[in-house]
Amino acid sequence: TSTATRRPTSTPTVTPIPMSVDLVSPNHNVGGNGDTTFRWRANVMPPAGQAFELVFWREGDDPLIESFGLGRPTRNTSLTVDLGYLDNELRDLLDPGEYFWGVLRVNEEPYERLQLFTDSRIFRYHGPDSNGSAPSPGD
């Protein structure tokens with residue numbers, strides 16, 4: 001006689017896709033002042049409770065520790081900021097000069113920096129009184 005045997009059931013596992021972000025605009029070594037839009041492309045959106053944060057930092061600084069945010073964390077993939085306003089609000093953090101810019105993944109509540117995406121670009125801030133204009137989206 002034959003006896004039926006049960007096969008163990010297996011639960012399929014879902015392998016999470018590693019999140020990646022590519023910076024879109026402004027391009028590397030572009031400068032400007034005033035209203036400036038920063039854009040990036042993400043392969044997946046952050047999970048609930050997490051967001052992107054646009055940050056600037058100086059050469060030699062650790063972007064996870066020493067960078068400063070240009071706006072509130074967002075689930076969008078772009079942020080328009082008024083650099084002249086931020087120059088006044090951030091005091092010595094944002095002065096005319098060269099900065100790296102990039103995107104962090106952060107926990108929103110409580111706030112915690114989790115990851116810097118490896119892509120970064122240089123942005124040359126001209127200062128609030130400069131005649132230079134903000135870069136256009138394709139710059």
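Which residues have the most contacts inside the largest nonpolar core? They are Phe 38, Trp 40, Phe 56, Leu 70 and Leu 94, in a core of 21 residues. Several elements contribute: β1, β3, β4, β6, α2, β7 and β9 each supply at least two residues. There is also a second, separate core of five residues, and Ala 51, Val 55, Trp 57 and Val 106 are among them.

Before going on, a word on confidence. This is a predicted model. The average pLDDT is 86, and 81% of the residues score at least 70. Residues 132-139 stay under 50. The model has 22 contacts beyond four places in sequence for that stretch.

Setting aside neighbours within four places in sequence, Phe 56 is in contact with Phe 38, Ser 67, Phe 68, Leu 70, Leu 94, Tyr 99, Phe 100, Trp 101 and Phe 123. Some of those names come back when we look at the rings. Phe 38, Phe 56, Phe 68, Tyr 99, Trp 101 and Phe 123 are linked into a cluster by ring pairs.

The structure as a whole holds nine aromatic pairs. I will show two. For Phe 38 and Trp 101, the ring centres are 4.9 Å apart and the planes sit at 70 degrees; angles over 60 count as edge-to-face, so this pair is edge-to-face. Phe 38 is in strand β3 and Trp 101 in strand β7, so the pair ties together parts 63 residues apart in sequence. Phe 38 has 0% relative accessibility and counts as buried. Trp 101 is also at 0%, and is buried too.

The second pair is Phe 68 with Tyr 99. Their ring centres are 6.0 Å apart with planes at 90 degrees, so this pair is edge-to-face as well. Phe 68 belongs to strand β5, residues 68-69, and Tyr 99 to strand β7, so parts 31 residues apart in sequence are tied together. Phe 68 is buried at a relative accessible area of 9%, and Tyr 99 is buried at 1%.

Last, strand β9, residues 121-125. Is this strand enclosed or open? Four of its five residues are buried, so β9 is largely enclosed by the rest of the structure. Two strands pair with β9. Strand β2, residues 30-32, runs parallel to β9 over three bridges, with Gly 32 opposite Tyr 125. Strand β7, residues 97-107, is antiparallel to β9 and joined by five bridges. There, Tyr 99 stands opposite Phe 123, and both of these residues belong to the ring cluster.

Technical notes
Residues are numbered from 1 along each chain as its sequence is written. This is a predicted model: local features need pLDDT of at least 70, side-chain atom pairs count only at pLDDT 80 or more; totals for chains, interfaces and linings use all residues. Side-chain values use heavy atoms; hydrogens and water are left out. Buried means under 20% relative accessible area, exposed over 50%, partly exposed in between (1.4 Å probe, protein chains only). Two strands pair if DSSP finds at least two bridges between them. A nonpolar core is a set of buried Ala, Val, Leu, Ile, Met, Phe, Trp, Tyr and Cys residues joined through side-chain atoms within 4.5 Å. Contact means heavy atoms within 4.5 Å. pLDDT is the predictor's confidence in each residue, from 0 to 100. Rings of Phe, Tyr and Trp (its six-membered ring) pair if their centres lie within 6.5 Å; planes under 30 degrees apart count as stacked, over 60 as edge-to-face and the rest as tilted.
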